[in-house]
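Here are a few exercises to work through with the model open beside you. Try each task before you read its solution.

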Amino acid sequence: ELKEFEQNATRSGRRGKEAFSKVDSAAGKLAKRLGAVAVAFVGIQSAIRGIRAAVTAGFGFVELAGDVEESRSKFEELFAGQLPEANAQLELLATNLGRSQSTLQNAASDLQALILPLGFSAEEAAGLSFEITRLSQDVESFRNVKFADVLRDIRSGLVGQSEPLLKYGADIREAAVQQKALELGLADTAKGLTQQDKIVARLSIIYAAFDKDLGDVQRTSDS
């Protein structure tokens with residue numbers, strides 16, 4: 001589906017996505033995917049209309065009705081501006097990753113709640129939320145670690161907690177983040193870096209550390 005997004009993408013977006021285009025090969029993958037996802041939110045409904053009929057509840061998970069409703073309400077509130085497109089993305093993830101929509105709703109909602117106040121546009125935040133959710137599943141598949149643990153560690157890393165990500169080989173301590181941000185040309189000096197600049201730099205480092213993990217769910221399912 002990402003190839004379809006890329007074909008439909010006609011602009012790269014604002015500052016965050018422009019910065020992603022300058023990173024190394026691992027983060028460059030994020031640039032293409034995030035840019036495409038965020039832009040394609042505008043017209044994605046027709047491309048995935050047929051997928052809705054194919055999505056079923058048979059993912060092997062038992063969910064309490066109250067938990068499902070709570071997840072849905074939280075998701076609808078946080079993605080209020082892009083709800084049809086976000087629901088479509090959610091269904092794509094559920095189909096491709098084999099997880100319940102409730103689990104993915106919670107994951108994407110927690111990320112959206114974290115990212116949106118940090119200076120990204122609603123579309124950028126939504127694109128990042130779904131991409132990081134997808135990445136967490138790939139890391140779980142590739143490294144045999146728990147999805148929830150990976151997601152928690154990446155969330156912590158986004159706001160500057162470096163310790164949880166060191167075990168994955170991602171050094172997001174302040175000096176490394178500043179160096180990466182300056183390499184990306186986000187500011188002329190370390191003092192000029194904004195919080196959003198640092199998040200972009202952290203994402204670059206995180207995706208570089210997870211380069212081999214990217215796409216593992218798809219590779220595994222194809223093998």
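A residue counts as buried under 20% relative accessible area, as exposed over 50%, and as partly exposed in between, with a 1.4 Å probe and protein chains only. Helices (H or I, at least four residues) and strands (E, at least two) are DSSP runs numbered from the N terminus. This is a predicted model, in which local features need pLDDT of at least 70, side-chain atom pairs count only at pLDDT 80 or more, and totals for chains, interfaces and linings use all residues. Residues are numbered from 1 along each chain as its sequence is written, and side-chain values use heavy atoms, leaving out hydrogens and water.

**Exercise 1. Describe the chain as a whole.**

Step 1: begin with the elements; the chain has 13 helices and zero strands.
Step 2: turn to burial, where 48% of the 223 residues are buried.
Step 3: look at contacts (heavy atoms within 4.5 Å). Of those with a separation of 6 or more, 70% join residues 24 or more positions apart.

**Exercise 2. Work out how H11 packs against H12.**

Step 1: two packed helices are described by the angle and the distance between their axes.
Step 2: the axes of H11 (residues 174-183) and H12 (residues 195-209) come within 8 Å and cross at roughly 95°.
Step 3: this makes H11 roughly perpendicular to H12, a term for angles of 65 to 115 degrees.
Step 4: H11 contributes Glu-174, Ala-176, Val-177, Lys-180 and Ala-181 to the contact, and H12 contributes Asp-197, Lys-198, Ala-201, Arg-202, Ser-204 and Ile-205.

**Exercise 3. Check the length and surroundings of H8.**

Step 1: H8 (residues 122-143) has 22 residues and spans 31 Å from first C-alpha to last, close to the 32 Å expected at 1.5 Å a residue.
Step 2: 16 of the 22 residues of H8 are buried, so this helix is largely enclosed by the rest of the structure.
Step 3: Asn-144 follows H8 with a positive phi, near 60°.

Conventions: Axes are lines fitted to C-alpha atoms, for helices over the stretch in contact, and angles run from 0 to 180 degrees between N-to-C directions. Angles under 35 degrees count as roughly parallel, over 145 as roughly antiparallel, 65 to 115 as roughly perpendicular and the rest as oblique. The expected span of a helix is 1.5 Å times one less than its number of residues.
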